[in-house]
Amino acid sequence: MVREISAGGVVVRHKEGVWWMAVIELPADSKAAVRQAKRSKGKPILCLPKGLVDPGEKALDAALREVREETGITTAPITKLADIRYVYVRSWSDGERVFKIVSFYLLRYESGRIDNISDEMRIEVARAQWVRLDEATPKLLAYRGEKQMARQALQYLEAHADV
């Protein structure tokens, strides 16, 4: 079984008395969106920004880079949330089973305009947007592990009022 190591972020910003989180919408024709289409009944597929850790790169650096590439915003780390692990089958090439580990970090928005991404990135990201963090876990995010990361982020923020 092939192994993949990725990293991503739950990016938060406090505005108008509410915590907001950055999410990306997958293009409707992406492989992940096609797989999710049956479950989502035509709704956009929203997920957290994440991607592969490059050789020699630290997971946190990869998370910061992936967030910047996929959302257009710059962030600063608050804390590591957790690693999620799962197995999937590559449906787009060799049918190989892949064991994937994704390290997620809680990141604070610093600068930039969300969805200000390169044309090349539009293959992976239809758009990036802010959603209310408290609404992301029950109904907006597509993947169970990512919903858990958003829940953990909300719990952390509630326990650490000084963030």
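Which residues does R97 touch, not counting residues up to four places away in sequence? The tour returns to that residue at its last stop.

**Before starting.** This is a predicted model, in which local features need pLDDT of at least 70, side-chain atom pairs count only at pLDDT 80 or more, and totals for chains, interfaces and linings use all residues. Residues are numbered from 1 along each chain as its sequence is written, and side-chain values use heavy atoms, with hydrogens and water left out.

**The whole chain.** Display the chain as a cartoon and follow the pattern β-β-α-β-β-α-β-β-β-α-α along the sequence. There are four helices and seven strands; helices (H or I, at least four residues) and strands (E, at least two) are DSSP runs, numbered from the N terminus. The radius of gyration is 15 Å, close to the 15 Å that the globule rule gives for 163 residues, so the chain is as compact as a globular protein of that length. That radius is taken over C-alpha atoms, and the rule is 2.2 Å times the number of residues to the power 0.38. Along its principal axes the C-alpha trace spans about 50 × 35 × 30 Å.

Next, colour by accessibility. Buried residues make up 45% of the 163 residues, where buried means under 20% relative accessible area, exposed over 50%, and partly exposed in between (1.4 Å probe, protein chains only).

**The aromatic pairs.** A search of the whole structure finds two aromatic pairs. Rings of Phe, Tyr and Trp (its six-membered ring) pair if their centres lie within 6.5 Å; planes under 30 degrees apart count as stacked, over 60 as edge-to-face and the rest as tilted.

Select Y86 and Y88: the ring centres are 6.4 Å apart and the planes stand at 45°, so this pair is tilted. Y86 is partly exposed at 31% relative accessibility, whereas Y88, at 17%, counts as buried.

Now select Y109 and W130, whose ring centres are 5.6 Å apart with planes at 85°, so the pair is edge-to-face. It links distant parts of the chain, as Y109 lies in strand 6 (residues 97–112) and W130 in strand 7 (residues 127–132), 21 residues apart. Both Y109 and W130 are buried.

**R97.** Finally, select R97, which lies in strand 6 and is partly exposed at 45% relative accessibility. With contact meaning heavy atoms within 4.5 Å, R97 touches M1, V2, V87, Y88 and V89, leaving aside residues up to four places away in sequence. R97 and M1 are 96 residues apart in sequence, yet 5.6 Å apart in space, C-alpha to C-alpha.
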